[in-house]
Structures are given as structure tokens and as C-alpha cells.
Amino acid sequence: MNATVITLFVAIVIATLVITYYAAKRTQTTGDFYTAGGGLTGWQNGLAIAGDYLSAASFLGIAGAIALYGFDGFFYSIGFLIAYLVVMFLVAEPLRNLGKYTLADMISARFDARKVRGMAAISSITIVIFYMIAQLVGAGALIQLLFHIDYWIAVLIVGVMMTIYVLFGGMTATSWVQIIKAVLLMAGTVVIAVMVMAKFNFNMLAMFSEMRTITSHGENYLKPGLQYTVPLDTISLMLALVLGTAGLPHILMRFFTVKNAKTARSSVVTATWIVGIFYILTIFLGFGAAAFVGEETIVASNPAGNMAAPLLAEALGGNFLMSFVSAVAFATILAVVAGLVLSGASAFAHDIYGQIIRKGKATDREQMLAARYASLGVSIFSIILALFAQTMNVAFLVSLAFCVAASANLPVILYTIYWKRFNTTGAVTAMAFGLLSSLILVSISPNVFSPVDGKAIFVGAPIFPLTNPAIISVPLGFLGGYLGTLLSKEKDVRQFAEVQVKANTGYRE
Amino acid sequence: MNVQSSYKRGNVKQELQAGKPDYEKVANSKSFQELLAKRKRFIVPLTIFFMVFYFMLPIFTSYATFLNKPAIGDISWAWLFAFAQFVMTWGISIIYVKKSVQFDKEAEDIIDKQLGGENK
């Protein structure tokens with residue numbers, strides 16, 4: 001560890017604490033806590049959404065995947081990007097028009113039943129926990145590598161920081177940490193990408209020609225199929241990526257932080273541009289790392305390739321750029337986990353405590369207190385899980401989170417907004433089918449069972465052949481909702497009329 | 001029978017909640033139905049288009065090899081198709097914003113005329 005890294009690291013910690021201090025003063029009500037009072041502008045929220053999306057997995061993971069696997073690494077970038085169109089076209093505006101703090105609020109706008117809200121809260125919490133463990137374990141490993149400190153200290157640092165942001169500054173602090181990080185991350189990525197381009201004299205053709213021969217894969221580096229060799233698995237993964245975003249609780253929550261559907265729309269558009277530009281630049285990060293750092297060095301410091309971007313920064317810009325990129329990666333992790341804590345806490349405190357246990361009769365003070373306790377609880381629980389999961393291969397948990405989001409949350413969102421006949425039973429069965437089928441299929445998949453010792457959690461032959469079950473579980477989620485609806489005679493013509501009018505006009509009583 | 005009884009229950013509930021707009025009347029109004037139909041005509045075809053365009057990439061790269069042919073220099077068609085996904089995304093999001101401005105106007109009109117325009 002050197003002085004530059006420590007200085008930048010401390011600077012980020014201080015800057016985020018200052019933000020939290022000012023945010024805490026502005027966090028007076030439950031609305032402030034969960035949604036920053038709905039006061040973010042389209043630009044700010046767009047940057048924050050992009051920030052939520054550009055997690056360590058995107059920044060470090062995709063750069064590493066492209067460096068090691070060429071074209072196949074780029075699949076993730078494409079899937080994540082097109083996902084925004086799904087959010088923009090089908091989900092963002094109706095969600096903003098119908099909901100208040102959580103996904104369950106939106107579904108409850110149509111079905112005011114405790115079992116529906118409870119089920120929605122459970123699926124949100126499941127997604128948040130999976131996503132969080134993956135982020136925290138990744139964060140611990142990464143900070144261990146970047147700053148040469150023990151894994152458990154690294155997890156504790158990240159855990160304590162995220163708890164402070166959320167506990168005191170709520171959504172305002174979380175959003176501003178996210179916005180600042182998004183700007184820093186984009187700046188760092190642009191600088192590195194331009195430096196890589198300069199190495200190739202700003203000639204894309206020359207870059208591709210060079211990449212064709214420079215890696216150990218030769219020509220195959222630029223061709224699809226290096227990493228994903230099972231066609232159905234590739235398509236299943238692409239399905240989870242494109243549909244999952246529209247069901248991720250911490251992304252959905254971002255649409256409640258703006259004042260109306262118009263602002264929600266402009267924030268998705270802003271996010272689409274930023275994320276798109278970023279993902280294009282991941283090619284330069286990946287190619288640059290493969291060309292100027294080299295496969296062996298990348299794999300030597302982390303087998304998954306997560307160190308590709310920081311190592312490239314060191315090769316191009318020396319110690320300072322490496323320190324800057326490491327500090328930005330640290331900020332990225334902090335901002336994303338804080339958003340996750342907040343969305344997990346809202347499901348516990350708002351849905352389960354506020355609406356189900358207290359039936360919406362809790363005072364604002366009680367709700368706020370519950371929100372803070374829930375944040376603390378979610379943080380502590382995730383930190384403990386992350387400490388135990390250190391040696392496990394948890395990378396698949398991110399794609400599992402996307403799979404659950406696509407299978408359990410998306411069908412119910414779409415049916416609630418667009419299907420007249422849909423009813424309470426259908427809402428519960430849609431979520432139950434999607435959630436259970438994802439969990440069961442993953443637990444018998446090659447992620448959990450592998451004949452090779454150490455490759456997965458258990459040794460043995462996987463019963464289900466695909467690593468990502470989305471291609472089965474997403475249709476099951478839709479089918480569950482359809483069958484459940486038909487099995488029940490219940491109809492809600494009047495309530496659907498209200499949902500339709502509100503979703504399409506933005507009218508509020 | 002069932003539908004009718006729930007409808008009746010709905011009416012009673014509605015009377016009890018005085019001041020709540022008659023959403024069914026608005027939902028069945030000509031202007032609202034027109035807005036819904038226009039939205040549908042815009043959203044459904046474009047959604048099908050971008051999903052098909054997207055899945056063509058992994059399907060072609062998994063089951064065929066013709067995308068591996070060079071297109072420009074050493075850049076193959078697979079890369080060009082991948083870049084085209086970005087151009088498509090940005091293009092569609094621009095179209096969406098333009099079209100939405102038009103829907104916003106019609107939605108505001110419905111609020112003004114049928115819901116008392118109290119949503120400012």
C-alpha cells in the first residue's frame with residue numbers, strides 16, 4: 001500500500017461522510033429516508049441509476065471478462081444495456097405512477113391483500129440478499145487485493161461505511177454517493193479508454209488486427225464461443241440479463257426518488273446513454289488489459305479477471321492512475337451496497353412491518369425508526385453472511401439475483417399493469433412459481449454441483465444442466481400467474497380501471 | 001353472477017368513498033381508450049422488435065458461424081451486430097421520448113377534462 005492510495009481512499013471516505021452529514025439534516029420523514037423526498041432531478045437520478053448499475057461486477061468484472069474471453073465478455077454489456085429498453089418501455093412510468101416506496105406498493109395499488117404484499121417483500125428480500133452477498137464477498141476480495149489488508153477487515157470497512165450512509169443519510173446520502181461515484185467512474189474509464197486508443201493510434205481497425213494475434217487464443221479471441229459453449233445456457237443468461245433489471249428492487253426503488261413519471265422517463269434515458277457509453281468503453285478496457293497487461297498477469301492476481309482494470313491503469317498511467325482506479329472501485333462497491341441495504345430495509349420496514357403488521361397505521365416516527373432498525377439488521381446480517389462465504393464461489397449469485405428478479409418480479413409487474421383478468425391468487429402464484437423455480441433449479445445446477453472438487457459448493461453431477469435457469473423459470477413465473485388467475489373466480493374490474501387510469505395518466509388523488 | 005355481485009359491491013364501496021373519481025367511467029371514455037390504443041400500437045411492435053433484434057445475436061453466435069466472417073478489416077459481423085445493439089438502443093430511446101411527449105399531452109387533457117385537473 002502506498003501514500004497515494006491511502007490519500008485517495010481517505011478522501012473518498014471523508015467526502016462521503018460529509019455528504020451523509022448534510023443528507024442526515026435533510027432526512028426528516030419516512031419519504032425522505034426511502035426516496036429522498038422524491039426530489040431528485042432527471043439528470044441526478046439518471047446518474048444514480050447508472051451508478052447502481054455500474055457496480056464492481058460491471059466495472060471490474062466485464063473488463064476482466066473481455067480481457068480473458070474477448071467477445072463473450074461483451075455479452076454481459078449488451079444484455080445489461082438492452083435491459084434498459086425493457087425498463088423504459090414497460091415498467092418505469094407505470095411503476096412511478098402507482099407506487100410509493102416499494103415494488104409491493106405498486107402491486108398493492110391493485111390487490112390490497114396482505115399475502116400479495118408479503119410475497120412481494122419476500123422475493124425482494126431474497127434478491128437483495130443474494131446480490132448483497134455477491135457484492136460484499138467480491139468487495140472483500142477486491143479490497144484485500146487492492147490495499148493488502150485481511151478479508152474480514154475489508155468486509156467490515158465496507159459494511160460499516162454502508163451502514164453509516166443508510167442509517168443517517170437514507171436515500172439522499174445513498175443517491176449522492178452514487179452520483180459522485182458514477183461521475184468518477186466515467187471519468188476514470190474515459191481516461192483509460194483514450195490512453196488505450198492512443199496506443200493504437202486511434203485506429204479501431206489496427207486495434208482489432210492486433211487483438212487477433214496478441215492473445216493465446218489467437219483468432220478465436222475475437223469470436224463468440226470462448227466462454228459460453230452451451231448455446232441454451234448463453235440464451236438463458238441473456239434472458240435473465242435483459243428481463244432481470246426490470247425486477248431488481250434497488251433499481252425499481254430509484255423510480256420513486258423523482259417527482260413524476262416524466263422525470264422517471266428522463267432518468268432512464270439519461271442512464272441509458274451513460275451506461276451505453278460506459279459499456280462501449282469496456283471493450284477498450286478489456287482489450288487494453290489483454291494487450292498491455294497480459295493474460296498471465298491478470299489471472300495470477302485474480303482467476304476471474306477482476307484485477308484487469310486496475311492492472312491496466314497501472315500499466316498505462318503508473319501508480320497514480322492505479323490508485324485512482326482502485327479508489328473509484330472502492331467507492332463503487334460502497335455506493336452499490338448502500339442502495340441494496342436501503343431496498344432490503346424498505347421491504348422489511350415498510351412492507352412487512354408498516355403495512356402488514358401495523359396495517360399502515362404506524363406514525364411517521366415509528367416508520368422511520370423501523371426503517372433504521374431494518375437497515376441496521378439487513379447490514380449486520382449481510383456482513384455476517386459475507387464473512388462466512390469468503391471461500392465460496394459466489395459469482396453466480398449475481399446472475400441468480402437477475403434470474404429471480406426476471407422470474408418472480410417481472411411477470412407480476414407486467415400482469416398487474418397490463419392484464420385485466422389478473423387477480424390476487426394469480427399475483428401470489430406468479431411470484432411463488434418464479435421464485436421457487438429459480439431457487440430449486442439453481443440449487444441442482446452446475447453452480448452448486450460439480451464433479452470437479454472445488455469448482456462448486458458440492459461435489460456431484462448436476463441434475464439440471466444449465467448454469468442459469470431463466471429460460472425455464474421466467475416462463476414458469478408467467479405460467480404460474482396465468483394458472484393462478486384462472487383457478488380463482490375473483491375479478492376486479494373497478495380496481496383495474498383505477499390502476500389503468502392512474503398508470504397511464506399519472507393522476508393521483 | 002360472480003362478476004355482477006363484485007360489481008355491485010364495487011358500487012357501494014364507491015359511494016362510501018365520496019370524492020373518489022369514477023375511474024371506470026374515465027377508463028371507458030373514448031379519449032382514454034384512444035390513448036390506450038395508441039400507446040399499445042407504439043409499445044408492442046417496438047418491444048417485439050428490440051427483443052427479437054437482441055436475441056438474434058446470441059442465437060446466431062450460438063447456432064451459426066456466418067457472423068464470424070470479416071466485415072471491415074479484422075472486425076467481424078458479430079462485432080458490428082454487437083455495436084448495432086447500442087445504436088438500436090439509443091435510437092429507440094430517442095423515439096420513445098419524442099412519442100411520450102405526445103402521450104403526455106393527451107393524458108393531461110384527460111386529467112383536465114375528466115378528473116377535475118387537480119393533479120398539478
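Reader: In this predicted model, what share of the contacts in chain B between residues at least 6 apart in sequence join residues at least 24 apart?

Author: The share is 55%.

Reader: What percentage of the residues in chain B is buried?

Author: A residue is called buried when 20 or more other C-beta atoms lie within 10 Å of its own. In chain B, 20% of the 120 residues are buried.

Reader: How should I read the interface, and how many residues of chain A and of chain B are in contact?

Author: One begins with the residues on each side and then asks which elements supply them. Here 45 residues of chain A are in contact with 49 residues of chain B. On the side of chain A, helices H5 (71-98), H9 (204-214), H10 (231-244), H12 (261-293) and H19 (493-505) each supply at least two residues. H5(A) provides the largest share, 11 residues. By class, this side of chain A has 26 nonpolar, nine polar and 10 charged residues.

Reader: Which residues have the most contacts inside the largest nonpolar core?

Author: As a general idea, nonpolar side chains in soluble globular proteins tend to be buried together. In this model the largest nonpolar core has 220 residues, and those with the most contacts inside it are A:Val158, A:Ala289, A:Leu312, A:Leu334 and A:Val337. Helix H14 (residues 308-357) of chain A gives the most to this core, with 31 residues.

Reader: Taking A:Val158 as an example, which residues is it in contact with, leaving aside its neighbours within four places in sequence?

Author: A:Val158 is in contact with A:Leu136, A:Ala139 and A:Ile143, and also with A:Ile333, A:Leu334 and A:Val337.

Reader: How do I read a pair of helices, and at roughly what angle do the axes of H8(A) and H15(A) cross?

Author: One considers the approach of the axes, the angle, the handedness and the residues in contact. The axes of H8(A) (residues 151-199) and H15(A) (residues 364-388) come within 10 Å and cross at roughly 170 degrees. Because angles over 145 degrees count as roughly antiparallel, H8(A) is roughly antiparallel to H15(A). The crossing is right-handed. Among the residues making the contact are A:Trp152, A:Val155 and A:Met162 of H8(A), and A:Arg372, A:Ser375 and A:Ile383 of H15(A). By class, the contact has 10 nonpolar, four polar and one charged residues.

Reader: Is the crossing of H7(A) and H14(A) left-handed or right-handed?

Author: The crossing of H7(A) and H14(A) is left-handed. The axes of H7(A) (residues 114-147) and H14(A) come within 9 Å and cross at roughly 155 degrees, and the two helices are therefore roughly antiparallel to each other. Their contact has 22 nonpolar, seven polar and three charged residues.

Reader: Why does A:Val404 count as buried?

Author: The count of neighbours decides the matter. A:Val404 has 32 C-beta neighbours inside 10 Å and therefore counts as buried. A:Val404 is found in helix H16 (residues 396-418) of chain A.

Reader: Which residues does A:Val404 touch, not counting residues up to four places away in sequence?

Author: A:Val404 touches A:Ser123, A:Thr126, A:Ile127, A:Leu435 and A:Ser438. As a further reference point, the C-alpha atoms of A:Val404 and A:Ile78 are separated by 20 Å, and these residues are 326 residues apart along the chain.

How values were computed
Residues are numbered from 1 along each chain as its sequence is written. Chains are lettered from A and ligands numbered from 1 in the order in which they are written. This is a predicted model: local features need pLDDT of at least 70, side-chain atom pairs count only at pLDDT 80 or more; totals for chains, interfaces and linings use all residues. Two residues are in contact if their C-beta atoms, placed from the backbone, lie within 7 Å. Helices (H or I, at least four residues) and strands (E, at least two) are DSSP runs, numbered from the N terminus. Ala, Val, Leu, Ile, Met, Phe, Trp, Tyr, Cys and Pro count as nonpolar, Asp, Glu, Lys and Arg as charged, and the others, Gly among them, as polar. A nonpolar core is a set of buried Ala, Val, Leu, Ile, Met, Phe, Trp, Tyr and Cys residues joined through C-beta atoms within 7 Å. A residue is buried if 20 or more other C-beta atoms lie within 10 Å of its own, exposed if 12 or fewer, and partly exposed in between; C-beta atoms are placed from the backbone. Axes are lines fitted to C-alpha atoms, for helices over the stretch in contact, and angles run from 0 to 180 degrees between N-to-C directions. Angles under 35 degrees count as roughly parallel, over 145 as roughly antiparallel, 65 to 115 as roughly perpendicular and the rest as oblique. A crossing is left-handed if the near helix is turned anticlockwise from the far one by less than a right angle, and right-handed if clockwise.
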